[in-house]
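Thanks for coming. I will go through some side-chain contacts, charged ones to begin with and then aromatic ones.

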Amino acid sequence: MKRTLALLLCTLLVLALFAGCSAAPAETPAETPTDTQAPSSEANEPAAQQTTTQPEEGKTPVTIHLFHQKQEAQETFAKIIDEFQKEYDYITVEQEIVTNDPSSILKARIATDEIPDIFQGALDTMDIAQGGYILDLAGEAFLNNVTDEARKDSSFTDAAGHTWAMPVDGSCEGIFYNKDIFTQYGLTPPKTISELDAVIETLEANGVTPFALGFKDSWTIKPVALVAASPAVYAVDAAWNAKKTAGETSFAGTPAWTTTFELLKKVYEHGNTDTAFDTDYNGACTMIAQGEAAMMVQGLWALEPIKSVNPDVNLGMMAMPVSEDPQDAKLFQFPDFGLSISASTPHPEECKLFLEFLTRPEIAELWCSTAKLFSAVKGVNVDFDPLAADVNAYIDAGMVSTQADRGWPTAFQPEFEAALPNYILGRAELEDILTTLDGAWDTAIAASQS
C-alpha cells in the first residue's frame, strides 16, 4: 500500500508552468544573449527532416509548434519527437525553448494571436484558460493513461472538471547534500533548526561552504523560500490561502512566514554570499557537483545538470528543518511539467496525437529517466538515480507537503519574488515586507474578482 501511495504521490512531485516551480526551470545562462534558446542544431532539427521516409499517403503535411521552458530537456524532447515522427511521418514538431521570462513571452504571443500549438502550463494555466485560449482535454482517452491524482491536481483540472493541461511528470524541492562531505565530517541530515545550525558550524569550521547559491538567475531564490514555506506554513494549515483571502489571517500575523524568511536569510548568509548574485544557476550546480559546497536548495530538475558536471557525485536530498520538532521537516512535492493545446490551433487532432504519444509507458520512461523526474503516467516507476530512494523514503513515511505557491493569486507572484532579495540584501525590514505582502495579496485578489 505504501508503495502504491508513493507512486501516486510521485506524480505530484515536481517545476511549474512558468515559475517553477514554484519553482521553476533554468533561465537562460548568462552567456546566452537572446530571450529564446534553440536547441543544438542536431536537437533542434525536426526529426522529419532527418529521415528519408515519405509522408503517409493521403495525409497533408502538418507542422505543430511546441513551446516550453525546460532547457535541460531539449535533447530528450528531440529524441521523443524523432520517435513520434517515425510513426506519424506527416507531422513535423518544432520545439522552441524559452528560458528567459517565458510567462511574459507567452502572454505576448497570446496578445498578438501567435499562440503556439502546444505550450507548457502550470502557474498561469487557469488564467489563460479563462481567456478561452486553451483546448479542454477532459474526456480524451489518453488521459486515462495518467494517474488520477496528477490529472485532478488544480494545476491541470479546474473545479468544474475541465482539464486544461496534461501532466507529464512530477518533482520536489528540497536540499541537495553531498553525502561524501557529510560522511567526512560525521554529519547526518538535520531535522531541526538547531541541528541545521550545527551542521553549518561544522562545515564552516572545516573550510567548507555550506550552500551553493546561484542568485544571478533571480528565479533560484524563490525555491529556497518555498522549501521552507511548504512545511512551515502549509503542512500546518492547508487552508491558509483561503483564510488570508477571507481576512482571517495574514503574513504579518503568521509566525511561520517569519520563520520562512529567516531560513532564506540563513541559507544566503551561509553560502557563497559574496558571489551569490554573480553566480548563475549552472554555476551553483557546478559548485555542488565539484564539492565546492556541501548543500544546495533546489528542485529535483537540478539533478541532471549537476550530474552532467560530475556523474559520480554522491548526492542525497533532505527536507528543510523549520522548527525544533523533527516531524515538521517535510519534503515539498508538486506537479511539475504539463502541456496545453491552443484553442485556436488549426491542428488539434495532431496535437492530441502528440500528447497521447507522451503518455505511452516507454516514452514516459524515456522522459523521466533522462530528465530525472517522476512520471505522471500509470505504471511508470523509474529509479533514475540513487537519490530517488531518499525522496521515496519521505513519501513512504508521509513526510511530505504538497502545497506552496500553487494557490496564490497570479498577480501576487511577482510581488513575493521581489520581496525575497529585498529582505536578504537588507533593503527593507521583515516587518515591513510582510505588511507589504499582505497588501499585495489583497490587491491581487480584488483585481481577480473585478
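Which residue forms a salt bridge with D148? The partner is R151, and the closest N and O atoms are 3.0 Å apart. By salt bridge I mean a side-chain nitrogen of Lys or Arg within 4 Å of a carboxyl oxygen of Asp or Glu.

Before going on, what you see is a predicted model, where local features need pLDDT of at least 70 and side-chain atom pairs count only at pLDDT 80 or more, while totals for chains, interfaces and linings use all residues. Residues are numbered from 1 along each chain as its sequence is written, and side-chain values use heavy atoms, with hydrogens and water left out.

Back to R151 and D148: they are three residues apart in helix α6 (residues 148–151), so about one helical turn separates them. Helices here are DSSP runs of H or I, at least four residues, numbered from the N terminus. D148 is partly exposed, at 35% relative accessible area. On that scale, buried is under 20%, exposed is over 50%, and partly exposed is in between, using a 1.4 Å probe and protein chains only.

The whole structure has 16 salt bridges. Another one joins K179 to D390, with the closest N and O atoms 3.5 Å apart. This pair links distant parts of the chain, K179 being in helix α7 (residues 179–184) and D390 in helix α16 (residues 387–396), 211 residues apart. K179 is partly exposed at 24%, whereas D390 is buried at 15%.

K244 and D438 also form a salt bridge, at 2.9 Å between the closest N and O atoms. They too connect distant parts of the chain: K244 is in helix α10 and D438 in helix α18, 194 residues apart. Both K244 and D438 are buried.

Now the rings. There are 30 aromatic pairs, meaning rings of Phe, Tyr and Trp (its six-membered ring) with centres within 6.5 Å; planes under 30 degrees apart are stacked, over 60 edge-to-face, and the rest tilted. Y177 and F182 are a tilted pair, 4.8 Å centre to centre with 50 degrees between the planes. Y177 is buried at 8%, and F182 is buried at 1%.

What about W240 and W441? Their ring centres are 5.9 Å apart and the planes are at 85 degrees, so the pair is edge-to-face. W240 sits in helix α10 (residues 240–245) and W441 in helix α18 (residues 430–449), 201 residues apart. Both belong to a cluster linked by ring pairs, with F251, W257 and Y423 among the other members.

Methods:
Helix = DSSP H or I, 4+ residues; strand = E, 2+ residues; numbered from the N terminus.
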